[in-house]
Amino acid sequence: MKHLKKALALTVLMVAVNANAQTELTVYTAVEAEDLKKYAARFNEDHPDIKVNWVRDSTGVITARLLAEKDNPRADVVWGLAGTSLLLLKNEGMLTPYAPKGLEKLSLKFRDRDETPSWVGMDAWMAAVCVNTIEAEKHNLPMPTSWQDLTKPVYQGHVVMPNPNSSGTGFLDVSAWLQLMGEDKGWEFMDGLHQNISRYTHSGSKPCKMAASGETTIGVSFAFRGARLKEQGAPLEVVFPSEGLGWEVEATAIVDGTDKVEAAQTLVDWSITRQAMEMYNEGYAIVAMPGVAQPVKHFPANAEELIIDNDFGWAASNREAILTEWARRYDGKSEAK
Amino acid sequence: MSVFDPGKSSMIDSPSFSTPATRNWPTLAELRRRLTDRWVFALLLVIGCVVLTLLVLAPLYTLLSKSVENKAGEFVGLENFAHYLSSGGIESAFFNSLWVAGLSTVIVVSLAFMAAWALTRTRLPFTGWLRGVLVLPILAPSLLPAISLVYLFGNQGVLKSWLFGAEIYGPIGIIMGSCFWTFPHALMILLTAMDNADGRHYEAATALKASPWRTFWTVTVPGARYGLVSAGFVVFTLVITDFGVPKVIGGQFDVLATDIYKQVIGQQKFEMGAVVSVLLLLPAMLAFIADRYVQRKQSASFTARSVPYRPRQDRMRDAIGALMLTPTVVFIFAIIGMAIYASFVTFWPYNLQLSLNNYQFGRMDGGGWGAYINSLKMALGTMLIGTGLVFFNAWLMERTPQPKLLTGVFQFLSLLPLAVPGLVLGLSYIFFFNHPDNPINGIYGTLFILILCTITHFYAVSHLTAVTALKQLDQEFEAVGESLNASRWRVLFTVTLPLCLPAILDVALYLFVNAMTTVSAVVFLYGHDSQLASVAVLNMDEAGDIAPAAAMAILITATCAVAKLIQGVLRFWVDRSTRAWRQGME
Amino acid sequence: MSQKTQGSRLEIQGVNKFFGDFCALKDINLTIEPGELVCFLGPSGCGKTTLLRIIAGLERQSGGLLHQGETDISLKPPRERDFGIVFQSYALFPNMTVTDNIAYGLRSIGMPKAQVRSRVDELLALVGLEDQASKYPAQLSGGQQQRVALARALAPTPGLLLLDEPLSALDAKVRHHLRSEIRSLQKQLGVTTVMVTHDQEEALAMADRVVVMNNGVIEQVGTPLDIYQQPASAFVASFIGAMNFIDSSPLNGQRVKIGNRELDLIRPLPAADGCIQLAIRPEDVHLLPSGDGEWEGEVLALDYLGAFIRTHIRLSDIELDLVVDVDPRSARRLDLRVGGCICLNLPSDALHCFAA
């Protein structure tokens, strides 16, 4: 019934929209495909005159695509891409700084720190560990509660994590551990973890998917994916290690060179409204506007307290060195055990 | 002398032309007739070269030139190479790539040869159906075998114990997956090489009292050797440049192709991606040169005087043939069957209830039915434009007078795409076609650029098929035509095209099927209104919706199977309506 | 339409052909008269096919001129020349019936339908294939295919007919039959014809004139009789028919020395400083009973070849082997046996001499 109403509303909207002269915005995004329709529909409730044309792919592909298109950008707006990627684009001079209406309501952590920010945050996307309860029982594994737990010999061969050289999620974890534990302790931890890793994957969501299908017992991944899979019926426990979680902001920005500045600004303005934040909150436990977030199913209620004070600047400037060191230590040997 | 002086074309013959110039300006009618003179064909092939340069060489250059630039675009010589080589891990990736590709090649070529032998040298029944089954893998998107392999041999796999404790994630998985999708390529080449056997050679062997075993090694194998070399080259190149299978099932087993993925997608370092691409081109180029060298010595062994080979009754041999086909057929059925099963399962492996829900693509992400329609449009466009382009160019190269140098250049450009990984091609297309100074940058983001990219991606094999078909025609058709006052164009439409219809259908199907299933290049190029079903499969799998991904993969496979059926019916129809004049030709 | 066509005259002046550095044809000069059948004869690689293809315009000469009738065709593309051609492979269009194959050239020039039909019927009758009109080439025998190719080439009534080894793909019996058939057809139509062949028997049997070629040059042009009886060079002598060669050194006048004997010749000696090669056909050697002739020899072997016996004889005083053809009756008279002795004369009017 609810669906029907929505569909009806959408149809009415469409008709209304078609009657008006429309501005079409090309929006690049890494947001889950199934959420995109919802995002556009909600936005169009307020701004029926702007049509959102999505181009969606995984974070890595979209970022590579944006960078490759640098000389002749095709996107007008980026809505829903990792902060690290946006930092990269900003350094390439590919973003137009813009202070959207209501900027002051955002938490400082969730926006570019420049006075006129190049990007503004939507929500946070946080690390988590997916544990398959059936497999854990089968192998008699205790439920881990902390990162340190994962280095215990009992988990040997049961852990899968993303390769930070291929996956943003992987790098998020590594950079969080180094920040949490300090460099020496951080690497020491990863040495220990490495002993238990059965394999590194190229994709950030893969470890959780593998845990969901019992291909591994424990997958280091991110919370959103774990919650979704659990919702689909996977025998998963989404664990949030007690030391603290790496996280990444998902954000919105205007691509430099767009000839639809006004519409782009309208979209960015809307993307940080309370309404939008409530929409993000349907899937993400932490959103950029303090005080909006309601607890989300399969997420801990105190999600905000669990995330570390991530220094994105530090992570970005040390990325190359960290990845090289990581590759030196753990790459190039196919036998992890 | 006028520009249209046909004497100009004597340049391509010899410099010592010594005829006095005593001609007047040509009349208009004469001009029109001279349009069919040889320089027109040379010009057309030059245009063909330019088109391929625009589709292959120029885009590649824009990306590969980054291998000698730093991030800021300044020339840094071989610094990136030095940096990459010193970063470690490269030896293992390079070595891994070589041995995995090498071993896959050996396995695939052996299996394909056994299958081709069983299909052409025995009297097994149902060979038509068997041929259909054996090319099934080419109809499936690359993620399909990956999903099936995990369900079969993964930690929860039904056949896990068959691996004796080894893991599917790693070289075993890469080799199995690669073998699956490259097998039809090898089989098609070998069937072409072995279908036309000269019965007289077998009679000679029998007369010389050779045992069947000796006949096999002295007649069958040497007869197929060029096919074997070609198949080996194609499989090796396909495996070494593919990143789909290693990415999905390779675990942390490093190969060069996934290294490109790491550099470009993981870290956005285009210059390093370009470095790896260049390194990846080396083994592929070497294989290419070796293949060309061997093929140069090839001459048609099946001549007009040959007697088609008809295998005699021999139950023992037929049994061996059946035995040789069995593992491959079982493997293919297992993979496809598992994928079909996976598409109905509610939640593998914990909720095995079957349902049709996964086929309701409208509810899934990744574009759903719209993407499927786009894929169909794209595949049809690729098929129509691609077949025309490939065949016309091959005809220019093979059946019109051309300077040797030009055909050499063209041949190189046509085969180059085989050695280019799709990922590299896709990125190259962004740099080249999206450049603000490119006058046709308007096509970027449209269905049309997807079509162009896909044609380019699969140009080489289509080109080889067309050239092979054209070579088989009597070399003198055009000469006879000219003596009978018919232009090469008229001969093309009245003789060459009708005779090549089967090959044209083959090329069309090949392009259609690959356009339906391709991912690696187009993932960078689709726009908001041109999402593709094959990309949707990848996205759904990425989002954890494995069953819907399998369902979409099966839908694509089924579509390709229907296309194959249509092509089969058309071929049957062509064969039947031309049976009279084919008698004795085959 | 008249059956008799006016064959055209073909004039080849100073034609050269290079493939890179390789000289395939060197300064070829030749005139072919209207209605003539000329054979290009020579071993493979001698340039005969290249010359044919240059006449057709399928290859472009590196230098030199070609005239067909009054027209300079040196630079004309094949389509603008006036010829019909039959290849060794026939190159029949396999997807067309016999009728369509023959009509192909007529339709190219836009001949009205009714005319095409009557011309095709005419040609079918000419080559005796009226009952095969609706068959496809693959359903015909080799000889029939050959005739279709011929009919197709002749359909547009070309002034020049080019035949590239037209009979070599056929078996012996069909070949002999078609030989005379083509010849009589050609005479009947009066079409100027150039035929390339490596088969000397074919050339001698069919041609008005034979052009013997070797290594890219013309060695000799002449009637079959000329070529056989008056070979212009040692190559022609050896390539056409069988020939015995005898080394000799010139003395004064018409005398030459073979071994320690001297011999008077009728033909003038070639201007040569050193050795002179004498040549004699096997059938020109006179065999005589032992003791009667100038030369003595021993019979080494006898090959019975039906109408004659090929006798291998070693001349005893100069260690030279000769081949002599003898008719069976003479052989009986001379009591030829392997190992037997025999005498022979070398008639001086049958001796050819070439510079060595």
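Biologist: How many residues of chain A and of chain B does the contact take?

Modeller: In this predicted model, the contact takes 57 residues from chain A and 55 residues from chain B, where contact means heavy atoms within 4.5 Å. Local features need pLDDT of at least 70, side-chain atom pairs count only at pLDDT 80 or more, and totals for chains, interfaces and linings use all residues. Residues are numbered from 1 along each chain as its sequence is written, chains are lettered from A in the order in which they are written, and side-chain values use heavy atoms, without hydrogens and water.

Biologist: What area do chain A and chain B bury between them?

Modeller: About 4700 Å², 48% of it on carbon and sulfur atoms; buried area is the accessible area (1.4 Å probe) that two parts lose on being put together, summed over both.

Biologist: Why is the pair B:Lys269 and A:Glu320 called a salt bridge?

Modeller: The definition asks for a side-chain nitrogen of Lys or Arg within 4 Å of a carboxyl oxygen of Asp or Glu. The N to O value here is 2.9 Å, so the pair qualifies. The interface of chain A and chain B has 3 salt bridges.

Biologist: What makes A:Arg228 and A:Asp35 a salt bridge?

Modeller: Their closest N and O atoms are 3.3 Å apart, therefore the pair meets the 4 Å limit.

Biologist: Which domains does the assignment give for chain A?

Modeller: Domain 1 (2-124 + 249-299) and domain 2 (126-246 + 310-330), with bounds from an automatic or database domain assignment. Their C-alpha centres lie 28 Å apart.
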